[in-house]
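Try each task yourself before you read the solution.

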Amino acid sequence: MSATLTITWLVYLGAAVCFVLGLHLMRSPRTARRGNVVSASGMAAAVLVTALLLLDEDGGGVGWHGGVWAGLTLAGGIVVGGGYGLYAARRVRMTAMPQLVSLFNAVGGGAAATVALADASRELAAGSWDGLPASFSVPVALDVLIGAVTFSGSLVAAGKLQGWVPGAPITFRGSRALALVSAVVAVAAGVVVAVVGSGSSDGARTATTVALVVAVAAALVFGVLMVLPIGGADMPVVISLLNAFTGLAVAMAGFVVDNEVMIVAGALVGASGSILTKLMADAMNRSVGSILLGGFGTGDAPSAPGGPGAGPGATVRTVDADDVAIQLAYAHRVVLVPGYGLAAAQAQHELAELANLLSSHGVAVSYAIHPVAGRMPGHMNVLLAEANVPYEQMKELEEANAELDQCDVALVVGANDVTNPAARRPGTAISGMPILDVDHARSVVVVKRSMGHGYAGIDNELYSDPRTGMLFADAKDGLAQLVAAVKEYVSAA
Amino acid sequence: MTPELASSISIFVLALLVGFEVISKIPTTLHTPMMSGANSIHGVVLVGAILVAGLADDPLGYVLAFLASAFAAMNVVGGYVVTDRMLGMFRGRPPSPPANEASPSASEASPSANEAPPSTNGASPSANEAPPSANEAPPSANAASPSANGTSPSANGTSPSAEASRAPEAAGRAGAAPGDRKAVVADSANTAGAERGTSEADGSPSTPGAAPTRPAAGPRPAAGSETGEDDR
């Protein structure tokens with residue numbers, strides 16, 4: 001082994017260790033940031049040492065074949081891509097962060113597919129042709145398929161979260177059939193690349209080229225059709241799944257260009273992403289399969305009717321901001337239950353302001369955070385942290401339920417299914433899902449735009465509970481009204 | 001099958017197992033940062049983009065190398081920066097215990113430092129109350145500018161003098177001082193967060209009015225520390 005290869009190998013090994021350590025450190029909030037830095041340093045080292053391989057062809061590196069044009073494309077690509085990534089990452093509002101992660105995931109998948117395409121197109125255009133070895137063509141086919149699906153799928157997912165693509169499930173006549181056809185075509189073309197690619201005739205060469213193009217196109221179409229029919233509430237799980245896919249695509253790209261650090265990192269992300277996907281789906285009481293199939297119209301059975309008194313005609317008690325303000329100001333313990341509506345309305349600062357106002361008035365305030373509150377698991381914690389909510393005030397499910405048992409007022413802002421007591425009974429769409437026991441509070445106030453259904457599409461029995469008052473407003477407006485009303489009350493007292 | 005391929009496959013499988021193992025137990029709080037962190041790790045595809053750029057020698061190769069390197073660089077740079085931003089928000093918590101200790105001392109002090117009767121507050125109570133106790137800025141200046149910038153320095157101005165009069169435990173004082181300094185920085189920078197500074201300032205002086213009924217639970221959020229973090 002030449003000196004160049006030895007150095008590269010050592011640095012790659014160190015980088016792989018950094019990735020594993022980084023992920024390990026990210027398991028605890030205390031060390032998470034350090035974990036990210038460790039992982040980033042490993043990445044920087046791996047990228048820099050790769051330049052060695054470009055410079056030293058005699059020592060076993062790949063060398064530099066394209067001259068100044070190739071240098072310009074590489075440098076230009078890194079500056080343009082890295083520059084935009086840096087800009088977007090620094091400027092994005094924390095509420096828009098899930099779609100940015102999805103966008104970064106999309107380009108990662110796109111890059112993996114492009115790497116395989118570039119390597120394969122060079123082989124296919126080479127002067128002499130005696131077939132591709134299976135150890136090359138199989139990973140090329142897999143990489144191109146997975147990478148292209150991830151690319152278009154993640155873009156659609158990001159568009160849904162951003163609102164460019166309607167968040168509701170989108171289906172049209174024959175969309176399911178078209179998705180199946182595109183999947184079959186993509187896989188068939190991939191098989192052609194892998195099988196026919198090994199033939200040494202010129203016909204095999206042409207067929208492989210055509211099949212590669214068809215595979216990319218069909219996989220891109222399938223990615224779009226796979227994500228379009230999935231509702232916005234399931235997007236976090238989908239993004240996490242696509243994240244795992246990208247990991248696998250990158251590992252395959254590692255096989256294509258014979259690079260160990262890509263194989264290790266890709267496999268690491270593929271595996272950890274799958275686990276994360278499963279954890280997220282579990283927290284929503286959904287299986288990954290039913291989310292994906294749900295898009296094809298087979299997963300979401302019509303939900304069971306609600307419990308007694310929860311029908312559409314059930315009476316609810318509406319309250320106005322002044323009533324709620326007095327109720328809150330007189331309470332000893334208030335638990336705030338933020339949900340998806342708060343994240344969508346970007347009302348975390350108003351909520352934090354209300355909480356500060358109340359606690360300065362001597363009310364004990366805490367936040368009950370359901371594992372899947374917000375737009376992604378853990379997203380609510382990030383949003384509240386952005387609004388300078390102390391970490392200790394955020395209670396996770398079990399602790400929150402203990403507090404809800406003793407609190408005077410539970411203020412639910414834009415949360416629906418995660419508070420529905422129907423989950424405790426068998427036979428409903430959300431049965432078995434862990435919920436926040438908001439109905440255990442002495443009284444409940446719900447800030448919500450309408451009586452509309454949550455993701456599960458069922459009535460929330462909490463709303464028709466006699467102890468519940470409904471304040472119909474957008475989360476941001478409603479909280480602003482409450483803040484104003486509490487201020488007025490406090491200053492008058 | 002070549003030995004290299006065999007060892008690559010072994011590496012792949014073992015890395016999969018490590019991936020399953022390393023992530024199995026995580027608090028839900030960290031799911032989103034974790035996903036973002038994993039997302040940036042697969043930006044390692046930049047290495048592949050560099051390698052194919054080295055081999056590219058025709059126009060199609062250049063175009064693909066450009067696309068691959070741009071995509072990969074965006075993934076890796078953006079991924080790490082956004083993850084760091086997310087995690088940085090969690091990191092603000094450890095300093096908060098000292099800041100919280102400081103706040104009772106500062107705010108307990110402010111009612112005591114007020115000789116004037118506590119309540120009777122108008123729209124901007126802090127602007128009216130703070131200056132007499134602090135003996136610093138002329139009251140008229142604050143009354144004239146009831147903006148966020150006018151109010152919060154005066155509200156913060158209370159605490160140093162108040163501490164001197166009350167002399168609480170040393171830890172409290174040490175915690176309060178940096179908080180106040182930061183708050184002044186935030187105000188001079190005239191950030192949007194100054195609005196929240198106002199609301200804090202409005203909130204804390206209300207304590208004198210509320211204090212007789214609820215003496216135990218003083219104002220928890222530290223006016224100093226909260227405004228101090230706004231300059232981020």
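Predicted model: local features only at pLDDT ≥ 70, side-chain atom pairs only at ≥ 80, totals over all residues.

Residues are numbered from 1 along each chain as its sequence is written, and chains are lettered from A and ligands numbered from 1 in the order in which they are written.

**Exercise 1.** Get an overview of chain A.

Step 1: list the elements. Chain A has 17 helices and seven strands; helices (H or I, at least four residues) and strands (E, at least two) are DSSP runs, numbered from the N terminus.

Step 2: check burial. Out of 493 residues in chain A, 58% are buried; buried means 20 or more other C-beta atoms within 10 Å of a residue's own, with C-beta atoms placed from the backbone.

**Exercise 2.** Describe the side of chain A that touches chain B.

Step 1: count the contacts. Here 115 residues of chain A are in contact with 96 residues of chain B (in contact: C-beta atoms, placed from the backbone, lie within 7 Å).

Step 2: find the main contributor. Helix H9 (residues 260-283) of chain A gives the largest share of that side, 19 residues.

Step 3: sort by type. That side of chain A holds 65 nonpolar, 40 polar and ten charged residues. Nonpolar covers Ala, Val, Leu, Ile, Met, Phe, Trp, Tyr, Cys and Pro, charged covers Asp, Glu, Lys and Arg, and the others, Gly among them, are polar.

**Exercise 3.** How do H1(A) and H9(A) pack?

Step 1: take the geometry. The axes of helix H1 (residues 3-25) of chain A and H9(A) are 9 Å apart, at an angle of about 15 degrees. Axes are lines fitted to C-alpha atoms, for helices over the stretch in contact, and angles run from 0 to 180 degrees between N-to-C directions.

Step 2: name the arrangement. H1(A) and H9(A) are therefore roughly parallel, a label for angles under 35 degrees.

Step 3: look at the residues. Among those that meet are A:Tyr12 and A:Phe19 in H1(A), and A:Val264 and A:Leu268 in H9(A). This contact divides into ten nonpolar residues, one polar and one charged.

Notes: Contact = placed C-beta atoms within 7 Å. Buried ≥ 20, exposed ≤ 12 C-beta atoms within 10 Å, placed from the backbone. Parallel < 35°, antiparallel > 145°, perpendicular 65-115°, else oblique.
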